[in-house]
Structure formats: C-alpha cells, structure tokens
Amino acid sequence: MSLLSVEGLGIAFGGVRAVHDVGLTVAPGEIVSIIGPNGAGKTTLFNMISGVYLPGAGRVRLDGEDVTGMAPHLLARRGLSRTFQNLQIFPAMSVLENAATGFHLRERGALLADLLALPGARRRSAGALDGARDLLARVGLDRAADREAGELSYGALKRLEIARALATAPRLLLLDEPAAGCNAVETEEIDRLIAGMAQSGIAILLVEHDMKLVMRISTHIVVLDHGEKIAEGDPATVSRHPDVIAAYLGAPVAVEGAAHADG
Ligand SMILES: Nc1ncnc2c1ncn2[C@@H]1O[C@H](COP(=O)(O)OP(=O)(O)OP(=O)(O)O)[C@@H](O)[C@H]1O
C-alpha cells in the first residue's frame, strides 16, 4: 500500500502553470524519481508535497489521510522529511551541531528557543547531540563530528543534510538533487546511502539530474515537462521512451541489466 499518494496536483504562478494535474504514489522501500528538464516543475511539486506551497489543485495523502497544504513541521511529525536543492547548513557550527538541529524540525519555534537559550533548550540539546552522533554514523560522517561544517567537502555536506533530515525518523524522505555538484566518488556514496535508506523501509522521492544515479537506483520514474507528466515507468522503459528522449534525455540512457528488456 502507498505511503504517499498524490492526485491531480497543480499550481500556477501569475497565470503560468508550473505544475498541472500530476499524480504519483510512493510505497515504503520504494525509490521514486522525478526527472525532467530545467523548469519542468520538479521542485515546485516537491514544495507542494512538503507543505512549502499550498497547491492550487489536487490532493496529497499520507497513509490515506489528506494532508494537503499542511505545515512542514506537522508533516514532519507524520513522518515526512526533506532536503533542499540549496544546502541549508550552518557553516560556522560543528557537523554534530548541524545534525542536531534536525531534531527540532518537528517543533515550531524550538530551534529559535535553542539559539536564544530559553528554558528547556539545554535538556533538549543534550538529547539531540546524542541522537546526532547516531545519525552521523549512519551517513558515514561520525569521524567528522567535531569539525566545522564549512570545512567539509561538498559530498560530505550533502550527506550531512540527509543526516539532519533523518533526525525526524522519516517514513518518507524527499531528496532534492542530493548528488548535484558531487564528483563520481561522492555520488557513489550518496547512491549507497539512498539505497540503504530504502532497504530500511523508508519511502524515497527523489529529484535528480544525474541520470546514471537515477537509472541505477529508481524503482519507478515520473517524467515532467512544462509542468505535466509526459511518461512514467521503470528505468528501462523511461530511458527509451521517445517523448522522454525528445524532451530531456537527448538519447537513450543505458540501464544496467536492461539490455534485453525488449524480450
Ligand atoms: N515561487 C515562484 N514564483 C514564480 N514562478 C515560479 C516559482 N517557483 C517556480 N516557478 C516557476 O515554475 C516553473 C517550474 O520551476 P521548478 O523550479 O519547479 O522547476 P524544476 O523542474 O525544479 O527545475 P530545475 O531542474 O532547474 O530545478 C518554472 O517556470 C519556474 O520559473
């Protein structure tokens, strides 16, 4: 059964349809990727699912419950967490402290209370730092815990962002371009991390331009162009779809193990 179910989602900005009538589902352990050219509406779709934008049309359901337009911290309590295309890291804070901020994403105002050292902040922070150490181990950054975040490589920063998103123990994780700007080795680390999270039962929704990564790890791919879904299916099907090649890929993309998929 699907954990996330999106139906007929749409939004317009100043009369321009950024996303129109898009539907998709994600089940626990699945990796569903959204691909398409720049401006196709991928991040806007993410923003509607994660409560950043109120959709102009359509429904978002988590476990069958209508959560359309619900605030991000309330969605986090229900098990939805996300990362952003642009890193949201505090470079002057330690890696550990950055990971610990993730524990406050469920509580509106908690992060500000901590920064202002309001009552309860000290107790909450101690617990968050313990939890943050576990998260850093999960993404392979435990040995960098005490370094300043600003000193990390780009790939490590991307993993730190994922660690922070994991702090809310998500059942559904939205990853916006986790491999953007990463080199081949860093991309492989992200690849393993995403596959591992899916194996642990987390439902993953991914926006990513690295087609090798997408074709390797996706269970299902949804293709957007000009805000509309133009194709969907497994990697082998999507990578050879004529409309997808015309709108985005330019040429068929090799998919491991799919050489004889035509039968
Ligand atoms: N807040 C906004 N106000 C006005 N227009 C917006 C806003 N957000 C997105 N758009 C427009 O909506 C369309 C879809 O943008 P979006 O960022 O979702 O595309 P994308 O597929 O994520 O692109 P990219 O791959 O470059 O990140 C674009 O035409 C964009 O200019």
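**A helix and its flanking loops**

Reply: Let's start with Ala 169, which has 12 C-beta neighbours inside 10 Å and so counts as exposed (12 or fewer other C-beta atoms within 10 Å is exposed, 20 or more is buried, anything in between is partly exposed, with C-beta atoms placed from the backbone). Bear in mind that this is a predicted model, where local features need pLDDT of at least 70 and side-chain atom pairs count only at pLDDT 80 or more, while totals for chains, interfaces and linings use all residues. Residues are numbered from 1 along each chain as its sequence is written.

Ala 169 sits in the loop between α6 and β7 (172-176) (helices are DSSP runs of H or I with at least four residues, strands are E runs of at least two, and both are numbered from the N terminus). Its phi is positive, about 50 degrees, although it isn't a glycine. Most residues other than glycine have a negative phi. Glu 177, though, counts as buried because it has 20 C-beta neighbours inside 10 Å.

Now back to the other end of α6. Ala 144 lies in the loop between α5 (121-138) and α6, and with 19 other C-beta atoms within 10 Å it comes out as partly exposed. Leaving aside residues up to four places away in sequence, Ala 144 touches Val 95, Leu 152 and Ala 156 (contact: backbone-placed C-beta atoms within 7 Å). C-alpha to C-alpha, Ala 144 and Ala 156 are 9.3 Å apart in space and 12 residues apart in sequence.

As for α6 itself (residues 154-166), it packs on α7 (residues 184-199) at about 20 degrees, axes 9 Å apart (axes are lines fitted to C-alpha atoms over the stretch in contact; angles run from 0 to 180 degrees between N-to-C directions). The two are therefore roughly parallel (under 35 degrees; over 145 is roughly antiparallel, 65 to 115 roughly perpendicular, the rest oblique). From α6, Tyr 154, Gly 155, Lys 158, Arg 159 and Ile 162 meet Glu 186, Glu 189, Ile 190 and Leu 193 of α7. By class, that contact has 4 nonpolar, 1 polar and 4 charged residues (Ala, Val, Leu, Ile, Met, Phe, Trp, Tyr, Cys and Pro are nonpolar; Asp, Glu, Lys and Arg charged; the others, Gly among them, polar).

Key: Two residues are in contact if their C-beta atoms, placed from the backbone, lie within 7 Å.
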